[in-house]
Amino acid sequence: MRDAPQAFVRVRIRLEDGREAVGQSAELMVPKWFDKNSALSNADNFNQLRTALRIAKTHLLAADSATAFGLSASVEAAHHAACAQRGLGGLIASFGLALLDRAVLDALCKAYGLPAVAALQRNLPGLDARTAPDLVGFDLDSFLAAQTPADRINIRHTVGMIDAITDAEKPADGPQDGLPNSLEAAITAYGHRFFKLKLSGNADADLDRLTRIAALLDRLPDYRLTLDGNEQFPDADSVIALWEKIAAEPRLAHFRANILFLEQPIARAVALSAPIHALAALVPVEIDESDGEMGAFVTARTLGYTGISSKSCKGLYRAILNRARVEAWGRGFFMSAEDLTTQAGLGVQQDLLLAAFIGAEHIERNGHHYVDGMGSAPPGEQADFLAAHPDLYARAPQGHARLTIENGAVSLTSLLASPGLGSAASPDWSALSPLAA
C-alpha cells in the first residue's frame with residue numbers, strides 16, 4: 001500500500017433541551033484488512049467502506065431519538081444485515097457504524113462540555129447490555145466509573161514483514177524523510193520497549209526472521225513483544241509447529257519468555273470453527289479479524305481464545321463492552337490495543353483515548369512509522385493540532401507535525417483533558433472532498 005483515503009465524519013446532534021453540538025471522527029480506509037479477497041482491488045476495498053458509511057448514515061438518520069449508545073444499538077443488527085446483503089463482511093459493516101458512533105459521542109461530550117473519560121465514567125452515552133446479553137447482571141455503571149486512564153501509554157512498535165531489522169539492511173532507495181526506517185533505528189530514535197512482530201505462516205522463514213530480530217532485541221535491558229499471525233496459518237496445528245520450533249531454538253529462549261500473546265493466527269473463515277485449546281495451553285491467543293460482531297468474543301472464548309483486540313475501526317462501544325467481559329470473566333482473559341495505521345490528528349487521538357480508557361498499558365502504533373506525520377494535511381490544520389496538543393506532537397524539521405514518542409511512550413495529557421472525544425482541534429473541512437461514489 002502506497003496511498004489510501006481517510007474518511008472524516010461530522011454530525012450534528014440535538015438534545016432534549018434543545019442544545020445542539022457538532023461532533024467529528026476520522027479513520028483511514030485501509031485496503032486488504034477488512035476484506036482480504038485478492039480478487040478485489042484497493043479501489044474496490046475503498047468503495048466497500050464508503051458503502052458501509054452510507055448504510056450506517058441512512059440507518060442512524062432514520063432512528064428514533066435515544067441515548068448515544070441507544071442510537072447505535074437500535075440500528076446495529078439492521079445495519080449489519082443490510083451490509084451482508086451487499087456482500088460486505090462484519091468488519092466492513094463495523095467500520096461504517098463505528099465512525100458515526102464516535103462522531104455522535106464526540107458531539108454529546110461537547111454538548112455537556114465534558115472530556116470523553118468523564119462522560120464515559122458517568123455513562124452519559126447510556127451503555128447497557130442490550131447488544132451483549134451475556135453481560136446482563138454485570139454492573140456496567142460501576143465498571144465505567146472505575147476506569148482511570150493513565151496519562152501516558154507505551155507504544156508497541158510494529159515490525160512488518162518487509163521492514164528492515166538492522167540499519168545495514170535498509171534499502172538504498174528507501175524514504176529520505178528523516179524518519180527511522182529500520183527496527184534498529186526506530187529503537188534508537190524512540191526508545192521502544194514494546195514490539196509487535198508479523199508472522200508469514202512459513203515456519204522456517206519465520207524462525208529465521210525471529211532469530212535475527214531476537215539478536216537485536218536481546219541487547220535491550222528489558223522488552224516485551226506480541227506476535228501477529230495475521231491470518232497466515234490454516235489451523236492451530238500449523239501454529240503449534242512454529243511454536244515448537246521457537247521453543248527448541250536456544251537463541252530464542254529469552255525472546256520467547258517475553259512474548260505476551262499471539263494475535264489472530266488462523267484465517268477468519270475458519271478461526272472460529274474449531275477449538276484451539278492445545279495452542280492456547282502454550283501461549284495466550286486473541287482474535288482480531290474474527291471480531292466482526294458483538295458476539296465474536298463469546299464464541300471465541302468457548303474455543304480457547306482468551307483475548308480480543310481493541311480497534312476504533314471496529315467500534316468504541318464494542319471495545320468497551322468487550323473490556324467489560326474481560327472484567328466479568330476474570331483471570332486469564334485480556335484485551336489488547338491494536339492499530340490500523342491510524343493517522344496523526346483526529347484518528348490517532350480518538351484511538352489513543354479508547355486505549356487509555358480500557359486500561360491498556362501499551363498500544364500498537366504504526367501510522368507514525370509508515371506515514372510522515374500530518375504531512376499531507378493543510379498547514380493551518382497542522383498548526384491547530386500542534387497548538388492544541390503540544391505534548392502529543394512536535395514540528396519536524398520539514399515543518400509538519402509528527403507524533404512525539406519519548407522513552408517509548410506518548411503523552412495523553414492534552415487529549416484526555418479536551419472536551420469531546422480526544423481532540424481540541426478539528427480538521428480543515430474546507431480542504432476535504434465529499435464522499436466519492
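A salt bridge is a side-chain nitrogen of Lys or Arg within 4 Å of a carboxyl oxygen of Asp or Glu. By this rule the count comes to 30 salt bridges. The model is predicted: local features need pLDDT of at least 70, side-chain atom pairs count only at pLDDT 80 or more, and totals for chains, interfaces and linings use all residues. Residues are numbered from 1 along each chain as its sequence is written, and side-chain values use heavy atoms, with hydrogens and water left out.

**View 1. Salt bridge between Lys245 and Asp204.** The N to O distance is 3.4 Å. Lys245 belongs to helix 8 (residues 236-248) and Asp204 to helix 7 (residues 203-217), so the pair ties together parts 41 residues apart in sequence. Helices (H or I, at least four residues) and strands (E, at least two) are DSSP runs, numbered from the N terminus. Lys245 is partly exposed at 34% relative accessible area, whereas Asp204 is exposed at 52%. Buried means under 20% relative accessible area, exposed over 50%, and partly exposed in between (1.4 Å probe, protein chains only).

**View 2. Salt bridge between Lys314 and Asp288.** Their closest N and O atoms are 3.5 Å apart. Lys314 sits in the loop between strand 8 (307-310) and helix 13 (316-329), and Asp288 in the loop between strand 7 (285-287) and helix 12 (296-303). Both Lys314 and Asp288 are buried.

**View 3. Salt bridge between Lys314 and Asp291.** The N to O distance here is 2.8 Å. Asp291 lies in the loop between strand 7 and helix 12, so its pairing with Lys314 ties together parts 23 residues apart in sequence. Relative accessible area is 3% for Lys314 and 1% for Asp291, which also counts as buried.
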